[in-house]
Every structure is written in C-alpha cells, then in structure tokens.
Amino acid sequence: MTFLRKTSPFYTLALFYIIVSFILRIILLFHPITQTSFVFIDTIKIFVLGLLSDFFVFVFASAFLWLYLIFISNSKYLKPYGYIIFGLLVSLLIYVKFFNTILNEYGGVLPEIGFTFIAIKTTLFGLLLFLPKYRDTIRYWLFSFVIFLFVVILLQNAISEFFFWNEFGVKYNFIAVDYLVYTNEVIGNIMQSYPVIPLFSTLFIVAGLVTYFIVKKSKNYIENIPTIAEKIKISGMYFLLFGMSLFVIPFLSTKENSDNIFANELEANGIYKFYQAFMNSELDYFKFYKTLPEKEAYDLLNAQITGSISGTTLRNIKSAAAENHKNVVLITIESYSAEFLKMYGNEQNITPFLDSLATKSLVFSNLYAVGNRTVRGLEAVTLCLPPTAGESVVKRVDNKDKFSTGSVFKQKGYNVKYLYGGDAYFDNMQDFFVGNGYEIIDKKTFKPNEVTFQNIWGVCDEDMYNKAITEMNSEFKENKPFFNHIMTVSNHRPFTYPNDRIDIPGDAKSREGGVKYTDFAMKEFFNKAKKQPWFANTVFVILADHCASSSGKTELPIDKYRIPAMVYSPGFIAPKHYSNLMSQIDVMPTVFGLLNFNYQSKFFGQDVLKSDYKPRALIATYQNLGLIKDNILTIISPKQQVKQLQLTLIPNPKVASEFQLLYEQKHIAKPRLDLENETISYYQTASDILKKKKYQK
C-alpha cells in the first residue's frame, strides 16, 4: 500500500476535526451573542490561521493514537514472547489487586481505575494471544473502538465549546478549568439546564456513523500492518509534525491580536485556550465582572479601611504601647471545619485537645475562610487580601516580592520560615514562599531517622511537629525572634497515619480518624513545646486553611466556609471569645495588633480588635466572589451577574449563640445596592492593585 494509505487513520481523523472546527466557527460567528462586525482581515485570520492552529493542535493531541497504532503487530504474540508478556501482565494484575501500591496510598477510586485498566489490557492481550483465528476480528473491533473514542471526544469538545460560548461569549478560559474542580456542581447544572439524553443520544449516533466511514477508509492499516521500516517512516513524519506543533501553536496564538475580542476568540483553538487557562490561571476581573468607576471603587474601600490613603490600602499602623517581639508560630490545619469542634456542636469528641485549648485562648468564633483550597488559605494568612477571581496568587507567575506577613516580621528582625510535611513544589508553594523571603523546611530536608510515617502527601503531623521543634530550638540559640508558619498534611485523603495513636486505626482511612489524629499530633506538639526554653515567649496562632467540604445547595454555602481559629499565649493573651464577623485575611493583622507592631500596611485585612473595625467576611470560589455583611450574602459572578441572599439563622439549641453555624439563604426581595457596590469595591480594587503591581513589599 502507498505511504498515504498507511497514514490514513491520522489524516482521516485530522480532516474530520478540521471540518468540525470549521462548522463550529461558522456557528459561533453567527451566534446571537457575537454582537459585532468583522473587517476582512479578521475574517481571513479566523478561518486561515484558526484552521492551521486546529491542524497542529490535532497533531499534538493525536500522540495517543500514534502510540496505539505504532504498537499494533503480530510478532509480540509469537512464542515465547507472547507468553512472557502475558505472564508479566498477569503478575502486574495480581500485584495491583492484592498488594499495597502507590495507588492504595492515595486511596479514593485510583486503585479501582488502575486495576480495571490492567485487567482490560491483560484480557485483550490474552484473547489475541490464545485465539489466533479470531485475532483479525478482535483487532478490527478494537481499532473501531479507538476511532470511535477519538470521534466522540472531538464532537464532545465541539459541543462543549458551543455551550461555553453560549454562556460567556468566549472560548475556554479558567472557568472551564474550574469546571474540572467542581465536577458535581457542573454535571448537576448540565443535567438541569440541557436535554442531556437527546443530546448524548444524538452525539453517539453521529459518532457511530462518522466512525463507520473513517474505519472503512482507514482499516487497511490493520489489514496490512506496516513493517518496522514503514513504522519508522510514519513515526519520523509524526515526530517532525509534533515538533513543529510545539512552536507553531504558541506562535499562532500571538497572532490573536485584533482589537475585536470576538475575532481573537474565534481565531483561537479551544483546546489550546483550555491549556493556556490551566497554565495561566487568572480570570480577568475587568472583563467578566461588574465594575464601578475606579475612584468610586477606591472611595468605598477607603471608607471600609480606616486611615487608608485615597486610592490605595496604604496606611500607618501605630500602637500606643511598646512593641513586643515575641516568637510567633502560625499553624494552618489542613481541611479543618468548624463543625468538627465541640463548641460548634460536634458530639463525636474528635478534637479533645483543641476543645481544651480553646478554653485557654482568644477564640475567633465567627471567622470564615476565604476559599476552599489550601492555596487560598495560605494566600489569606500570608498576603491578607481578598481572593481574586481565577487561581490563587500562590500559583500565579506574578507571585513574588509581595507585601506579606513574612515581610512585616522581617522588618522587625525575625527569622521567617515555612514548614510543610510534604514537597513544597506541590501547588507552587515553594516558588511563592521563597519568592516572598521565607526559608522552606519541607520533606526534602528531613533526615531518614526523622521520618516515622508518611503517605502520598508527606510525613505525618507528629514528624512535622518534631522537626519544627528542632528548628525552633536552633533558632532560639541565634537570639533572634522567629516566625514559623506550619502547614499540616495528615487531615487529607487518604487519612492514613501511624497506628496505636488514637482509638481509630491509622489504616481505617476515615475522615474522623484524620481529624482526631491531627488533634492528637497537636497535643503532642504542645506537650513537647512547653518544655522548650522559647515556649513562654511564643504566641501560637491556630486556624484551618479551609473547610473539609465546600459543596452545598447554594453557590457559596456559608457553613462550609466557617473555620476554627484561636490565638494561644498563656500569660500574655487572656482567654476570650471574639464573636464579631471576620475574615481569614484579618487574622495576622490582628496578631500584629496584639504585639503592638508599628508598621506601614498594605493589607486589606484589619485588626478586628480595634474600635473602628467594620465586621464583614469575604468568601469565594474561583468565580463566585462573596461578601457577608448585615446578614446578607452578596455574590458577584462572571457575565456581570450579582445575587443577594438573606441569611436567616437556623438555631441549634445545643450550641451557644456565637458558635451557630447554619443559616437559610433566600433571595432578598429588595436588593441592597450599598452592599453590592461594597462587594464590587473589595474585589475590583484587589484585582486592580495586583494587576498594576501595587502590592509589592
């Protein structure tokens, strides 16, 4: 057969993808949301450069197709190779099923997925090995299934791009990436919003018909399997095109430079836009959210932040008392909801130590996390600014040299460290903290004898706390105050920890066990810390990074953002309940106030113990940005949408008033424009300050 026929699976699928992309562009071009006109050059770029981009994106995405096709052969089934390979596959299957693998360490559905994949591969290999008479038939149906899978994916992507355009008037952006995180909510929305059964039925029927024609056109590949020499030629051509795609795709994206935004979006390839959104995970506030005139937005913000200079958050913090340079240890606990603690109504007794410590601490009983991921919590206590749309600052390229908690401590002569039991490369933590002047102590710095237990996330909390005490003993000898920020890892799926520590086995993999072990490890830390020479001169700040879950019936279920927070320093800070509404971004400015620090602040967060503090809380997902104030939750969302919900307490008679968690959320009859504008002002100014690099230290 000719060389062109040998590459028929590739070029037929590529041609199908280009046709689908062409039709999609036509549909989007005339979509009612595309309310603009196009000059001739824009139209040419949309279809010429756009389709060229589609071709090279397909080349890149067809790597799995190449991998499948290039390994089709009969030689691997010949004796003894076939039996050896089959034996290895069976051994791997047994190992994954009956032994502890890295998939088991992580938990969830990964072990089942891994086992199912290997089982299918082993079964198919066995059929092709032991049934040589039916080998051609089996291979034909496998080939057809692979082609069908590619066709379904290409059609499904086109449908997704259409519905995304229908919602936002753009190709994929970070909201699409967000959809991968909030799978349950997205699927639920799709089920309620669109005729799913007819839609997918049509999809599979069309995919089946297209697959029939493509297989008919390209089945010669499996009927006359290419020789090794021919496969080398095919691979050489594919690698050449693949290498070109690595340069051509980003080059073509730079040509999306028209003044007409719709033209740029139509010219773009949706799959590559998704990749860009994933890698550059910012959502442009000014493009998607409701805004105010800049001066009005800052005037509203300045009214909320007493003493701030017009048009900024800059202000001088002055204390009447002398500064107190005590050591500060900030512990952010992984996924620790307020509902786990006894004072919030929990009756399981899974946080006995924290319940006890709360009676000796300044407790912030009405505090809300800003987000639902660790990076959001780290951002909140480090940068003390609202959670801007898109990805956390921690994971952005422009995440360095910010005005931060650490920079304030450094001004005061403190050693500043971030301690994490896992690998700080995860979630870009190392890049962020090092870029903001922190020294990193993570799993890579542990000696073998310092690790007694670890899972996929890192060493257990006991090991992390022991390492922290070693570090603090060393810092104490330097005769300098220290600020150590510790991030825990044990209260995270798979919830594994050392056995014989609590009454729930470490291999039970239960949420309650993770919570209780985290509490136990903290108790052990404080028992050891009390024996150290630096303990009496140290302030301990303890709070969660976010709640265990953020799902609920509403966009921002506020009970899922309520977290425990307390400041413990016996002899220095008196036990007390502070019950005013506050945000996670206020914790460290309040600690600075307790230490009587004098400094020039850029923080949005405020000292809540000051008389001029105006209670409010900021909570958000990647796209829904909320403000809680006056028992009203105001939410601003993409497409310039605003929603306001009245919060009505659902009282729990067993819980004190300041620890009530549950509120009914109902749309308010009469919108509060003042709260809408205040919400916009917080998020618009935070986005503006970051965009213009005004939040540098």
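Mentor: Gladly! Let's start with what counts as a strand: a DSSP run of E with at least two residues, numbered from the N terminus. Keep in mind that this is a predicted model. With strands named that way, lysine 639 lies in the loop between β17 and β18 (641-649).

Trainee: Why is lysine 639 called partly exposed?

Mentor: Its relative accessibility is 34%. Buried means under 20% and exposed over 50%, so lysine 639 counts as partly exposed. Lysine 639 also has a positive phi of about 70 degrees, although it is not a glycine.

Trainee: And what makes aspartate 630 partly exposed?

Mentor: The reasoning uses the cut-offs of 20% and 50% again: aspartate 630 has 45% relative accessibility, so it counts as partly exposed. Aspartate 630 sits in the loop between β16 (625-629) and β17 (632-637), and its phi, near 55 degrees, is positive in a residue other than glycine.

Trainee: How do you know that β3 and β11 pair?

Mentor: Pairing needs at least two bridges. Two bridges join β3 (residues 362-364) to β11 (residues 565-568), and the strands run antiparallel. Leucine 362 has valine 567 in β11 as its bridge partner.

Trainee: Which strands are the edges of the open sheet of eight strands?

Mentor: The order is β6-β5-β9-β2-β10-β11-β3-β12, with mixed pairing. β6 (439-441) and β12 (576-578) are the edge strands, as each pairs on one side only. From one strand to the next, the twist averages 15 degrees.

Methods: Residues numbered from 1 in each chain as written. Predicted model: local features only at pLDDT ≥ 70, side-chain atom pairs only at ≥ 80, totals over all residues. Heavy atoms only, no water. Helix = DSSP H or I, 4+ residues; strand = E, 2+ residues; numbered from the N terminus. Buried < 20%, exposed > 50% of the residue type's maximum accessible area, 1.4 Å probe, protein only. Axes fitted to C-alpha atoms, helices over the stretch in contact; angles between N-to-C directions.
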